[in-house]
Amino acid sequence: MLIDKINELKAEIEQLKADNAEQIEAMRIKYLSKKGQINDLMAEFRTVAADQKRELGQAINALKQAATDKINTLRECVASEDHVEADIDLTRTAYPAEVGTRHPLSIVKQEIINIFTKLGFSVAEGPEVEDDWHVFSALNFADDHPARDMQDTFFIQRNPDVLLRTHTSSVQVRVMTTQKPPIRVICPGRVYRNEAISARAHCFFHQVEGLYVDKNVSFADLKQVLQAFASEMFGSDTQIRLRPSYFPFTEPSAEMDVSCTLCHGKGCAMCKGSGWLEILGCGMVDPAVLESCGIDSKEYTGYAFGMGVERIANLKYRVNDLRLFSENDQRFLDEFEAAHN
């Protein structure tokens with residue numbers, strides 16, 4: 001009977017499932033097209049008795065509406081799944097990727113740079129593979145100076161004129177030979193020394209050096225900027241002291257100490273009971289250095305300073321082994337996540 005065919009077709013349509021748009025279109029053609037099964041029921045409907053037409057007509061219309069609703073629902077589901085799949089990056093790892101942090105040396109170096117840029121210094125950089133003139137000769141190093149010895153310097157292919165820079169003072173030389181005073185720069189970068197690797201020394205490390213050349217620059221100007229740096233880096237109550245020293249490229253020269261960041265000058269194991277910690281070398285630029293770089297030493301004076309980034313990081317974070325900075329131990333690096341944030 002026609003009513004049985006309608007009920008069977010309705011049950012079949014209710015169970016329909018589809019994985020893609022092509023399957024849904026095939027269902028539409030099968031049930032709702034002019035040659036579809038529901039249209040075939042309409043042809044058979046014309047032969048039924050008049051007293052059954054009302055009931056069967058309503059049943060066929062309800063079946064057609066049910067088929068239309070089912071197909072529309074399947075279309076929406078497939079479209080929604082396609083959208084979700086389009087948002088999935090199939091190249092990503094199935095495991096959560098841990099977010100890293102900046103290296104402690106990068107954190108400290110950037111902090112040093114930020115302090116001096118606020119004081120009016122700009123950043124200058126130069127090559128790590130240098131020539132003898134920029135690293136030694138222009139900086140007033142004598143031909144027989146111990147720093148030229150193979151025990152201290154890495155030379156390239158036994159060429160005495162090509163070497164890995166031993167300090168970023170070579171960048172200062174490049175700036176002085178290419179720019180006219182006033183010059184106020186800091187020079188951060190990696191340097192190399194032929195030293196045995198231990199907890200206190202490494203064959204490479206990082207420096208930030210500074211240079212200021214202008215008319216009437218004095219040692220008092222140098223002391224003032226270094227006090228500002230120490231107060232900003234280690235705390236407003238930090239004191240500094242300058243001790244006489246010697247560097248070939250500065251005259252007079254000094255070593256700068258800061259009051260111990262752990263005991264605040266009272267004396268402890270970290271400062272060996274002295275209350276002071278050495279952090280950098282400095283001095284007034286030697287007139288011979290200015291002249292070798294093409295700057296009139298009678299008209300201009302200047303000061304320079306240089307510090308090791310590892311040394312500052314040691315004091316700030318109490319790291320007692322320089323090797324930790326270059327071993328890439330994730331456990332060590334994770335300790336600096338809070339410093340980065």
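Val 129 sits opposite Leu 164 in strand S4. That strand covers residues 159-164 and pairs with S2 in the antiparallel sense over three bridges (two strands pair if DSSP finds at least two bridges between them). Helices (H or I, at least four residues) and strands (E, at least two) are DSSP runs, numbered from the N terminus. Step back and you get an open sheet of three strands in the order S2-S4-S3, with antiparallel pairing. S2 (129-131) and S3 (155-156) are the edge strands, each with a single partner, so one side of each has no neighbour in the sheet.

A word on what you're looking at: this is a predicted model, where local features need pLDDT of at least 70 and side-chain atom pairs count only at pLDDT 80 or more, while totals for chains, interfaces and linings use all residues. Residues are numbered from 1 along each chain as its sequence is written, and side-chain values use heavy atoms, leaving out hydrogens and water.

The peptide bond from Pro 181 to Pro 182 is cis, with omega near 5°, and Pro 182 lies in the loop between helix H7 (169-178) and strand S5 (183-192). Another cis bond runs from Glu 251 to Pro 252, with omega near 0°; Pro 252 belongs to strand S8 (residues 250-259).

What about Asn 216: buried or exposed? Asn 216 is exposed, at 72% relative accessible area (buried is under 20%, exposed over 50%, partly exposed in between, with a 1.4 Å probe and protein chains only). Asn 216 also has a positive phi of about 65°, although it is not a glycine.
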